[in-house]
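Here's a quick briefing to read alongside the sequence and the 3D view. Keep both open and find each spot as you go.

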Amino acid sequence: MKRYQNIIIFILVIVIIGAGFFVYKQKTELNPELEELFSLSEEITLTEEQQNKFDEARNSLKENPDDALAIIAIARIKHQAQDLNGSERAYLMALEIQPTNTIILNNLGDIYNQKKKYEKAAEMYLRLIENNPKWVNAYRELAAIYKYHLKDRYPEMEEILLQGLEKSKEFTGEAPVDFYSMLAVFYKETGQIEKAIEYFEKVIESTPENEGAKIELEELKKLL
């Protein structure tokens, strides 16, 4: 009887050790899918600072695979290393966790721009504008995409910029000047001279030292 008890105890010890090893392994290793996603090509060389951040992020993900900040850190490093596909996949994973994150949306817009996926880039910037309307760079990037690549959509920028201008009045700083400037350029490029003059005058009123805007204004007045 004692012999059987010893065997049972031995089996229980083995099971407990095995379970502990399994838990430890889960916490110290990424699953195969994440391991592939959060690894770097041998062709990529990181700076010491980048490598430290990369290792720190990987260790965090071993503890918590849904750590959005760690995923973003890895996505950024891959982006900096020009691993656009790897960076895109990591940012998309982070986006599922934080769907309104400004940095994720902005950087995905940049990646899609670089990959010439202009529809997707525009989608990211539109989502960014919706969730963070004071992020002025998103308007600039969207305007450039519409102007040079999705030309039939460029007229949409008028309403987008006007809405941004109204929302910008709630902010501090110089955001309104940026919108005046973008609207002035938009109206100039679409042949709406009187409106272009109106907004260049607003630019100069806000920033009297802006010599470029003064030159543009004088040239436009000659067209009336």
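Let's start with helix H4: its 13 residues should span 18 Å at 1.5 Å a residue, and its end C-alpha atoms are 18 Å apart, which agrees. The expected span is 1.5 Å times one less than the number of residues. Keep in mind that this is a predicted model, where local features need pLDDT of at least 70 and side-chain atom pairs count only at pLDDT 80 or more, while totals for chains, interfaces and linings use all residues. Residues are numbered from 1 along each chain as its sequence is written, and side-chain values use heavy atoms, with hydrogens and water left out.

**Helix H4 and its ends**

- Helices here are DSSP runs of H or I with at least four residues, strands are runs of E with at least two, and both are numbered from the N terminus.
- At the start of H4, Asp67 has a side-chain oxygen within 3.2 Å of the backbone nitrogen of Leu69.
- The buried residues of H4 include Ala68, Ile71, Ile74 and Lys78. "Buried" means under 20% relative accessible area, "exposed" means over 50%, and "partly exposed" is in between (1.4 Å probe, protein chains only).
- What does Ile77 touch, leaving aside neighbours within four places in sequence? Its contacts are Leu46, Gln50, Lys53 and Phe54, where contact means heavy atoms within 4.5 Å.
- Ile77 and Leu40 are 37 residues apart in sequence, and their C-alpha atoms are 9.7 Å apart in space.

- Most residues other than glycine have a negative phi.
- Just after H4, Gln82 takes a positive phi of about 65°. Gln82 is in the loop between helix H4 (68-80) and helix H5 (84-97), and it counts as exposed because its relative accessibility is 52%.
- Lys116 also isn't a glycine, and its phi is positive, near 65°. You'll find Lys116 in the loop between helix H6 (102-114) and helix H7 (118-131); with a relative accessible area of 60%, it is exposed.

**Helix H12**

- Which residues of helix H12 (residues 211-221) are buried? They are Ala213, Leu217 and Leu220.
- Those three cover an arc of only 65° around the axis, so they are on the same side of H12. The arc is that of the directions from the helix axis to the C-beta atoms.
- Asn210 caps the N-terminal end of H12, with a side-chain oxygen 3.3 Å from the backbone nitrogen of Gly212.

**The whole chain and its core**

- The protein chain has 12 helices and zero strands.
- Of its 224 residues, 38% count as buried.
- The largest nonpolar core has 61 residues, and Tyr146 is among those with the most contacts inside it. A nonpolar core is a set of buried Ala, Val, Leu, Ile, Met, Phe, Trp, Tyr and Cys residues joined through side-chain atoms within 4.5 Å.
- Not counting residues up to four places away in sequence, Tyr146 touches Ala122, Leu126 and Met157, among others.

Note on methods:
Polar contact = N/O pair within 3.5 Å; in protein donor to acceptor, adjacent residues only side chain to side chain.
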